[in-house]
Amino acid sequence: EPYVAGNDLLQGNPRAAADALGRFMINSTFGLLGFKDAVVESGGAKPHKTDIGITFAVWGADEGPYLMLPFFGPSNLRDGAGRGADFFASPTGAVFASQGLGMVNNVQTGLDVLDTRTQFLDPIKELRRTSLDEYAAIRSLYRQTRDAAIAASHRGQQTASEAKASQSPVPGSAASPSSAAT
């Protein structure tokens with residue numbers, strides 16, 4: 001969560017950063033050192049993900065060409081560079097490296113790759129079964145997912161319902177359908 005909060009701040013989302021840091025502090029204290037999500041169980045802020053690739057996008061970096069990275073899967077030049085930066089910017093990696101335990105960061109990255117891969121085994125199987133062009137379908141899904149994450153960052157990590165509510169015209173305003181008809 002501190003890493004997510006840092007990216008939230010770099011993206012100009014102090015509210016999302018405060019949520020992430022608050023989640024970290026509460027879960028570290030009341031969630032058995034983070035093994036339990038005490039915040040969600042008590043009805044608090046849900047976790048959100050962000051990374052340096054999204055931060056680069058918020059800063060205006062173009063996505064560049066689409067890439068299919070071995071072990072890591074779909075990406076683009078901006079997000080691939082972000083993944084490399086993520087590896088070195090990880091707070092846990094810096095702590096372990098300072099203690100001569102840099103291998104822990106490598107193991108964590110490997111476990112993250114494996115976990116992500118296992119999360120998508122069934123959807124990939126279904127995509128292969130139903131798609132005429134698997135590569136184009138994966139590229140399209142990847143771009144749509146990243147575009148949605150970047151849009152969420154621009155909205156300050158609002159949920160879809162919060163974003164919709166903030167875009168609703170105020171009754172009686174010029175954009176209101178009832179006032180346009182009169």
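**Exercise 1. Describe helix H9 (residues 134-154) by its span and its buried residues.**

Step 1. Helices are DSSP runs of H or I with at least four residues, and strands are runs of E with at least two, numbered from the N terminus.

Step 2. H9 has 21 residues, and from its first C-alpha to its last it reaches 30 Å, close to the 30 Å expected. The expected span is 1.5 Å times one less than the number of residues.

Step 3. The buried residues of H9 are Ala137, Ile138, Tyr142, Arg146, Ile150, Ala152 and Ser153. Buried means under 20% relative accessible area, exposed over 50%, and partly exposed in between (1.4 Å probe, protein chains only).

Step 4. Their cover includes H4, strand E1 (66-69), strand E2 (73-76), helix H5 (77-89) and helix H8 (121-130).

Step 5. After H9 comes glycine 156, with a positive phi near 80°.

**Exercise 2. Decide why arginine 146 counts as buried, and name its polar partner.**

Step 1. Arginine 146 belongs to helix H9. Its relative accessible area is 13%, so arginine 146 is buried.

Step 2. Beyond four places in sequence, arginine 146 touches Asp51, Gly53, Ile54 and Asp79.

Step 3. The side chains of arginine 146 and aspartate 79 are joined by a polar contact of 3.0 Å. A polar contact is a pair of N or O atoms within 3.5 Å; within protein, one must be able to donate a hydrogen and the other to accept it, and residues adjacent in sequence count only if both atoms are side-chain atoms.

**Exercise 3. Locate aspartate 37 and list its polar contacts.**

Step 1. Aspartate 37 sits in the loop between helix H2 (14-30) and helix H3 (38-41).

Step 2. Aspartate 37 counts as partly exposed because its relative accessibility is 24%.

Step 3. Apart from residues up to four places away in sequence, aspartate 37 touches Arg23, Asn27 and Pro47.

Step 4. Its side chain makes a polar contact of 2.9 Å with the side chain of arginine 23 and one of 3.1 Å with that of asparagine 27.

**Exercise 4. Find where confidence in the protein chain is lowest and where it is highest.**

Step 1. pLDDT is the predictor's confidence in each residue, from 0 to 100. The chain mean is 81, and 85% of the residues reach 70 or more.

Step 2. Confidence is lowest in helix H11 (residues 177-181), at a mean of 39, and highest in helix H4 (residues 52-58), at 95.

Step 3. Over residues 165-182 pLDDT stays under 50. Where pLDDT is low, the predicted coordinates should not be read in detail.

Technical notes:
Residues are numbered from 1 along each chain as its sequence is written. Side-chain values use heavy atoms; hydrogens and water are left out. Contact means heavy atoms within 4.5 Å.
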